[in-house]
Amino acid sequence: MTELLRIENLTVQYLLNERYVEALEDASLTVNKGDTLGIVGESGCGKSTLALAIMGILPENAHIKSGRILFEGQDLLKMPQAKLRRDIRWRKISMIFQSSMNALNPVYKVGSTLMDVAEFKLKVDRDKATAIVQRLYGLVGMDPTRLRNYPHQYSGGMRQRAVIAMSLICEPALIIADEPTTALDVVVQNQILKTLKKLRDELDISIVLISHDVGVIGETCENIAVMYGGKLFETGSTKQLFTEPNNPYTRALLNCFPDPVNPKSVLKGIPGEPPDLSAVPPGCRYAPRCTYAKEICRTKSPPFIELEPGHQSLCHFARELSQ
Amino acid sequence: MSDESQSSTGMITAVDALSFKLNEGETLGLVGQSGSGKTTVGKLILRLERPSEGRILFEGHDVLQYKGKQLKDFRSKVQMIFQDPYESLDPRLSLRNSLEEPLIVHGIRSKNEQIARMDDVLTRVGLIPPQRYLQLRPHQLSGGQRQRAAIARSLILRPKLVVADEPVSMLDVSVSAEILNLMLELRQSMNIAYLFITHNLAHAGYFCDRICVMNQGRIVEEGPAEKILRSPEGAYTRRLISSIPLYLHK
Amino acid sequence: MRKMITTKTVKQETKTIGSWHGFADSLRRLVHFRLGLTGFVIVICFAILAIGAPYIAPYGENQQSYAILQPPSHEHWLGTDSIGRDTLSRIIYGSQVSMSFGFGVALLSLALGVFLGSFPGYFGGLIDDIFSRFFDMVLMIPSFFLIVVAVALFGTNIQMSMLIVALTLWPSNARITRVQVLTLKTRAYVQASIVSGTGHVRILFKHILPNGISPVIANSALQMANAVLIEASLSFLGLSDPNHVSWGTIIYGAVQNFNAWWLSMAGVTLMILTLGFNFAGDGISYLLTPRLDVTKG
């Protein structure tokens, strides 16, 4: 398995109102070729920051304190913007946002927008570009004749698929999708997720899917990383995390989703609030809300313990909990 | 008590010849995707919009005929919880002011009575100690806390029916589950009937006694919550259910 | 209670448009916006001049002397006019008229505009159509000519002039108010109030107008600038209250006596005050625009 993307000890802070907000601390992840990695977490957990950091599009007040992002062996954080723009963004790595479907210029036909990208990025002529775009539409399950429509004539799901097609023009090795289906209806969401899986199968593209919805991640991804309060709390394969979740936060999180098959089965939330990232308390960030918390959890930061190959959990009592 | 409506509105038919009944203390789910008309139904019941045809019977009387005092009375018995916790409270007012208003409007002017009710309602929704929260303004609260405050406001007049329009859609999942459980608890302790409007069928399955599935302004299927989720009859309902990511529970 | 900062808070802060997070917070932000701050300082300076004129001005408003048409000197920093009155003192006294005209007109225009603009915004439908057409009609009237004619007809009394000018300026406030009311009516907290049985008047005055008044205030600052210019134009044409000195009158003196360039310094103060109101208006707009306080890190 060839390694495609490796994030090492990435720490990102935002400067806000003259305070530093620790959006992401010491994050380390690996994505191999052909992998689908799901990053799951609630608001403020740092998942979007991670995505933006990979693409090099963090906001102005963001400050990368430490860490590396190695893509195909090169550190993206050390790469000059010009090179990132030319070689990496939208070429090797593409990104789809929740609001991408609103990113299509409303005064141009969708086909025109896509063709522009193809001609500019691939430096091909009109005919070749047309062929590429039409093929991609077929790949995402859209009728190529609709290329001559305007964005407002598309439904939300169709627009999102058009954007996915656009992201594939340069045949990227990696697609990052940040909440791509959150604003869409459940039926459409299902179609989009199926499309993404199809892309992975047919084109061997690696996908990093970010969502707050554990079910969405579970359906689409083979590996999962759970984030909370700016840190990675548990990583492992989907099978491992769903059948034997180790970390207390992961366990609690899984209980927050209602079971459609047994609708009246117990649904429990997590009392309390996510941590204040501008004044992070010592110890484990989840300790205030954790049902297993002990004294050490409030004073000492927990280690990232490996339980099985590929399955790691950020907890002082990871091994005890796995029994 | 029953609540029945049959209506269609406007030039675009948002709601088309819709009828349903809700009984006292019951939770009914109105489930549909965007554009199904479910939010419109909620607004019609609260008389925030007028139907072009039909009746809405509350406790046996057609609320569409209500005016003046009758309307005001009705408004103390039927309340609403809105989707966006960041918009449902006036940003310039303290919680105290926001909670006071319904009381003042309905003639409860004694300071003691007001404070008693505000304390009661804030305690019920878990914003404890109430005195502390009364002073705060919405921007000092988290999303979950704001929604609790909005629920408190909806309860302060001791309504019989609360229309909840996507009450947890904009909240984190850990908070959503808490709010749903809170609402169920309140139903027990205050004997409130809920009309739970949502696009999330799984949430409806957990929260509701019965569910009506809506599509394009019509109710396409109706029945007990568990039945709808486990053995749906309609084609549309089946499509909805098969689209829910199930991996978690396989 | 210090607000907790999570990234969601950061995103949500941008949603609260025009919310009042406290006077101290606004002051702090204003200091960052130099232009707005300058505007406010200028306006405050002129207000001080206006209020303190009797104490600040070296000579009386109409104090004549034998030093006719003297250029700037040690005794008269800005020289004298054709009957020996000190220019500097007259400019200082002139600020009284300018400031009161500016504020008075803007206030009247605000009251009228907000009042009349609330109805179409709130009730919509036919009322909206009627009111909007009415606003359009008033806006079509060439305001300056109307003012000149009205002042010529009804007299040069200062209160009268203020009223007439305000009557031509209010429609812009009305339009802004109308849009604000239309938008805010759909906000959940307004709907919640309606659902609680709150009456229209209370909703308008307690929920809608306080939350929507901000752009009207910014507009008012600009209207003050406008009013000051109109007043100066009127007095230049000789249509102002003869009992009070106004900058326009002084400037006219410069026209009559071509070599007395120092009399046109009233034009400089006019320009500074107008700019001051404009910048202050920008400052208000800036304060009310939601933004993250991004400090370059």
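**Before you start**

What you have open is a predicted model, in which local features need a pLDDT of at least 70 and side-chain atom pairs count only at pLDDT 80 or more, while totals for chains, interfaces and linings use all residues. Residues are numbered from 1 along each chain as its sequence is written, and chains are lettered from A and ligands numbered from 1 in the order in which they are written. For the complex, the predictor gives an ipTM of 0.88 and a pTM of 0.84.

**Stop 1: the two domains of chain A**

Colour chain A by domain: domain 1 covers 3-92 + 170-321 and domain 2 covers 100-169, with bounds that come from an automatic or database domain assignment. Their centres, taken over C-alpha atoms, are 29 Å apart. Now select the boundary, where 13 residues of domain 1 of chain A are in contact with twelve residues of domain 2 of chain A (contact means C-beta atoms, placed from the backbone, within 7 Å). On the domain 1 side, helix α6 (residues 186-203) of chain A provides the largest share, four residues. Helices here are DSSP runs of H or I with at least four residues, strands are E runs of at least two, and both are numbered from the N terminus. That domain 1 side consists of nine nonpolar, two polar and two charged residues.

**Stop 2: G41(A)**

Select G41(A), in the loop between β3 (36-40) and α1 (47-55) of chain A. Is G41(A) buried or exposed? It is buried, because 27 other C-beta atoms lie within 10 Å; the cut-offs are 20 or more for buried, 12 or fewer for exposed and partly exposed in between, with C-beta atoms placed from the backbone. Show its contacts too: leaving out residues up to four places away in sequence, G41(A) touches K47(A), H212(A), V226(A), M227(A) and Y228(A).

**Stop 3: Q240(A)**

Move to Q240(A) in helix α8 (residues 238-243) of chain A. Q240(A) counts as partly exposed because it has 19 C-beta neighbours inside 10 Å. Apart from neighbours within four places in sequence, Q240(A) contacts E308(A) and H311(A). For K78(A), 162 residues away along the chain, the C-alpha separation from Q240(A) is 35 Å.

**Stop 4: where chain B meets chain A**

Show both chains: 31 residues of chain B are in contact with 31 residues of chain A. On the chain B side, α7 (173-190), α8 (201-207), α9 (225-230) and α10 (235-243) each supply at least two residues. α7(B) gives the most, with eight residues. This side of chain B divides into 16 nonpolar, eleven polar and four charged residues.

**Stop 5: chain C**

Chain C has 13 helices and zero strands. Of its 297 residues, 42% are buried. Which helix has the lowest confidence? Helix α1 (residues 7-13) of chain C does, with a mean of 44, whereas helix α9 (residues 188-195) of chain C is highest at 94. Residues 1-20 of chain C have a pLDDT below 50, and this stretch has 42 contacts in the model beyond near neighbours in sequence. Where pLDDT is low, the predicted coordinates should not be read in detail.

Conventions. Two residues are in contact if their C-beta atoms, placed from the backbone, lie within 7 Å. Ala, Val, Leu, Ile, Met, Phe, Trp, Tyr, Cys and Pro count as nonpolar, Asp, Glu, Lys and Arg as charged, and the others, Gly among them, as polar. pLDDT is the predictor's confidence in each residue, from 0 to 100.
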